[in-house]
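This report describes selected strands, loops, charged pairs and the chain interface of the entry shown below.

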Amino acid sequence: MTTHRITLTTRDGQPLEFDCEAGEDVISAAARATILLPAICKNGSCGACRASHVSGAHHHDDCSQAALPAEARARGEVLLCRTYADSDLKLQAPFDHSHVSFQPIPERQAKLSQLDDIGGNTVRLILTLEEDEQYGTSAEFEPGQYVELSTPDGSVTRAYSIANTANWEGKLEFLIHLQPQGKFSSYLSGQATIGDLLKVRGPQGGFVLQDNGTRPRCFVAGGTGLAPMLSMLRRMAEFGEMNACTLLFGVTRHADLFGLDDIAAMQASLPQLQTEVTVWQADADWQGSVGTPVDALQKLLATGLKPDIYLCGPPAMIDAAEQAALTAGVPAGQIFSERFLPT
Amino acid sequence: MFCYQCEQTNRSEAGAGCSAAKGACGKDAATSDLQDLLLHALKGVGQYAARLRALGAPDKEATDFVPHAVFTTLTNVNFSAARFVQMIQEAAALRDRLKTRYEEAAQKAGQTAEKLAGPAAFQPAADMDGMLKQAAAVGVLAGQDSAGEDAIGLRNLILYGLKGVCAYVYHAQAMGYESDEVFAGVEHALDFLATDPTDIGTLLNEALALGTVNFSTMQLLDAANTGSFGTPEPTSVRVTPIAGKAILVSGHEFKDLLNILELTKDSGIKVYTHGEMLPGLAYPKLKAYPHLAGNYGGAWQDQQKDFAAFPGPIVMTSNCLIEPAPSYRQRIFTLGPVGWPGVRHLDGKDYSAVVQAAKALPGFKEDAPEQRITIGFARDTVLGVADKVIEGVRSGAIRHFFLIGGCDGALPGRNYYTDFAEQTPADTVMLTLGCGKYRFNKGEYGDIGGIPRLLDLGQCSDAYSAIVIASELAKAFNCSVNELPLTLVISWFEQKAIAVFLTLLSLGIKNIRLGPTIAAFLTPNLVNVLVEQFGIQPINTPEADIAASLKKAA
């Protein structure tokens, strides 16, 4: 069988090399070599595995325009889960070597400990990981990462960002918007019972806090894109990090609002945090900012600030925010994003 | 960035030094540049601190801040750019306060205060980007065009030696031991470097003077260690794990080990040493804790493999830290001068998170097959059997001593030290210190008339013990240390080894075999000086070097 050598250089200049067989995408080839690259959907929908093509022949399967817009494709960007080598291939990754895992993704069991309606048709789900031979009771992950959760009967699996920080009690907190037709949502709103055992596969993902430096940070969240931002902000508070930071959080309708208590608590524990909550289609009762988080971002960047920007929410919001940031002169290397799609 | 302070610095045909986006140690360019700027700011602190001391008004805040801050710039200690930004600001604020104090003290003494320039007048930029621009002008090669390569090489020899001194000062301070003589030496060295000296003779003398300061520093640290924990005793220590929850303590800071032992007593948690913490197992006050279970892991450069396999929290009390892998990133903790971005740093010596992690993590499931080594041959133990040693030498049973000391590193060339140890003849004794021994300290070497053929003296700072032993033997044989049947085989990696090296030179000890490579900051001219004046010999092959040592002794 024809194999090609893939050389994927991480942002910090460390090459990862592995073989890719004919008909095999780059993410799968790396995984076969126990090199677990940041990726979520692995079917061209989410854009989590974006990288840049450097040299070598390849072909690229169809993918969501939201995950890889035409202009990004024109710049030589690819989705690794849709990239197939036709020769030896050199690629450049937008993440550091330390965010590549060389161990199988942990698979654990967790007990449903708490499930609360927090408004806006959103629930806070708290799981407690069962004691595990390899990991004990610890919940170890980077702020911003996600896990795949499977319902007790194993019939439905969905990826959700973790909203809390690594801890030794095995607690995992999620903010989940209940989708009208969503299968996992149906489980949560219908059958879920305290004590249920769910399968947890993770942590995974390369959308994580960029740790070095003192540059200001701007967190832009649409809907439950708030979850990874809370994780990052909570970690900043735990570590006593002094970076100036702003949270721009938006929802579509006033009735969709949730998490205001969490944001207030964040402000109390992270004194330098500035927040703006926006509602796009505001009603008469809404007294706060009207618009999208992208509008708020544009306003912030108009002051000349060039922060690290973290984006999480629907693809359209991410694309608009990325464009706004680039237009304002924020270097592409300072923009980090994770798209989520309603499932 | 440009950094060539350690042995593993990039060496290419274009010249030596790390100048890419990331150094060989994993330090990124911003952190490296900020370290240069911090050292520049600290020279300014030194300028005022030295003058205040001369006026009889030494500054306690300076003596607390400087050793810690300098230590953070040592290889494999701190990689956190944010921490350096903060320390640069703190250094400038301290310097401002010292300036005011100095002007007041001078006036009180009826003197006109000097108007100091250079680092003394440094004002840090408001943010990191601005600091990085400032750093470009104060790197370790700054002024080379006018001062020449040799002067720059010697300035850096002093600067790097000073980093080693400050590391030892910091450790002694942790146990409450301080010395005005040592502080004066540190402040003087910073003040001297702030003048951008160019005279080669003066620079050489200052380097040797720093070696003398380091001797006093190691003596102080020896007093701190033995005063706090007792005199090391020959001790058989386990080097394989036993079943149960576990904490791993790495680095050099015995005080942290003591604190963790105290906090975990009766908890069922076992505590293991790693790397340079190993000698802690031989100190009576530390080994009295029954849950100090032994040593875990090998050389520091193997830590990513060893730490990944350790089923509990890992505590880094000092160097050498290398980039924590994702598999243990959440359960490694840094203390004191150590730091890595995104890794939990414990301030204020609160170790409760470590204990919490140890309870949550699985620990070792079962006992590993037992393996032990014997350590703890510091000066009192060796001198306690001095009569046997002297008799052994006189009778010919002990033909020669080899002091194999210094640091370890990842380069394959360091196999020299393993091969050297394995090839030493059966009628010779090896003394080891520092972390270089991890390559060969689990070997079976036997004994000579009850004296083990491998005697481990301890950490790299226990070079002090080696010097005392050599001096006492020289007295007994009525000769100089250089005339003893003793060969010093020194491996260097980071800057504490440079401080020890300067001490050996300052004591007039000659014919040291130095490797695995000569420091990149030493120019050919400077190497010639070391060869001509001190008989420094770059290592050859173990066979040739052992043969030459024995021939010379015969």
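## Salt bridges

A salt bridge is taken here as a side-chain nitrogen of Lys or Arg lying within 4 Å of a carboxyl oxygen of Asp or Glu. The model is predicted, and over all chains it holds 51 such salt bridges. One of them links Arg32(A) with Glu24(A), whose closest N and O atoms are 2.7 Å apart. Arg32(A) is partly exposed, with a relative accessible area of 45%, whereas Glu24(A) is buried at 13%.

In chain B, Glu103(B) and Lys99(B) form a salt bridge with a closest N to O distance of 3.3 Å. The two residues are separated by about one helical turn, because they stand four residues apart in helix H3 (residues 81-108) of chain B. Glu103(B) is partly exposed at 31% relative accessibility, and Lys99(B) is partly exposed at 33%. In chain A, salt bridges with shared partners connect Arg124(A), Glu173(A), Arg234(A) and Asp262(A) into one network.

## Strand S15 of chain A and its neighbours

Strand S15(A) is largely enclosed by the rest of the structure, since seven of its nine residues are buried. Strand S14 (residues 217-222) of chain A runs parallel to S15(A) and is joined to it by six bridges; Gly222(A) has Gly250(A) as its bridge partner in S15(A). Together with helix H4 (residues 226-239) of chain A, these two strands make a right-handed β-α-β unit.

S15(A) also pairs in the parallel sense with strand S16 (residues 273-281) of chain A, over eight bridges. Within S16(A), Gln281(A) is the bridge partner of Arg253(A). The passage from S15(A) through H5(A) to S16(A) is a right-handed β-α-β crossover.

## Two buried loop residues

Asp256(A) lies in the loop between strand S15 (245-253) and helix H5 (260-269) of chain A. With a relative accessible area of 16%, Asp256(A) is buried. Apart from residues up to four places away in sequence, Asp256(A) touches Gly120(A) and Val251(A). The side chain of Asp256(A) also meets that of Arg253(A) in a salt bridge of 3.4 Å, N to O; Arg253(A) is partly exposed at 42% relative accessibility.

Asn164(A) occupies the loop between strand S11 (157-161) and strand S12 (171-177) of chain A and is buried at 10% relative accessibility. The side chain of Asn164(A) reaches the backbone oxygen of Lys171(A) at 2.9 Å. Beyond its neighbours within four places in sequence, Asn164(A) is in contact with residues including Phe141(A), Leu172(A) and Ser231(A).

## The interface of chains A and B

Contact between the chains takes 26 residues from chain A and 28 residues from chain B. Chain A and chain B bury about 2200 Å² between them, with 50% of this area on carbon and sulfur atoms. Ser98(A), Trp168(A) and Asn212(A) supply 29% of the area that chain A buries against chain B, more than any other three residues.

Four salt bridges are counted between the two chains, among them the pair Arg331(B) and Glu140(A), with closest N and O atoms 4.0 Å apart. Seven residue pairs are in polar contact across the interface.

## An alternating strand in chain B

In strand S10 (residues 372-375) of chain B, side chains alternate between two faces. S10(B) pairs in the antiparallel sense with strand S3 (residues 235-238) of chain B over four bridges, and Arg372(B) is the bridge partner of Arg238(B).

Notes:
Residues are numbered from 1 along each chain as its sequence is written. Chains are lettered from A and ligands numbered from 1 in the order in which they are written. This is a predicted model: local features need pLDDT of at least 70, side-chain atom pairs count only at pLDDT 80 or more; totals for chains, interfaces and linings use all residues. Side-chain values use heavy atoms; hydrogens and water are left out. Buried means under 20% relative accessible area, exposed over 50%, partly exposed in between (1.4 Å probe, protein chains only). Contact means heavy atoms within 4.5 Å. Two strands pair if DSSP finds at least two bridges between them. A crossover is right-handed if, with the strands pointing away from the viewer, the path from the first strand over the helix to the second runs clockwise. A polar contact is a pair of N or O atoms within 3.5 Å; within protein, one must be able to donate a hydrogen and the other to accept it, and residues adjacent in sequence count only if both atoms are side-chain atoms. Buried area is the accessible area (1.4 Å probe) that two parts lose on being put together, summed over both.
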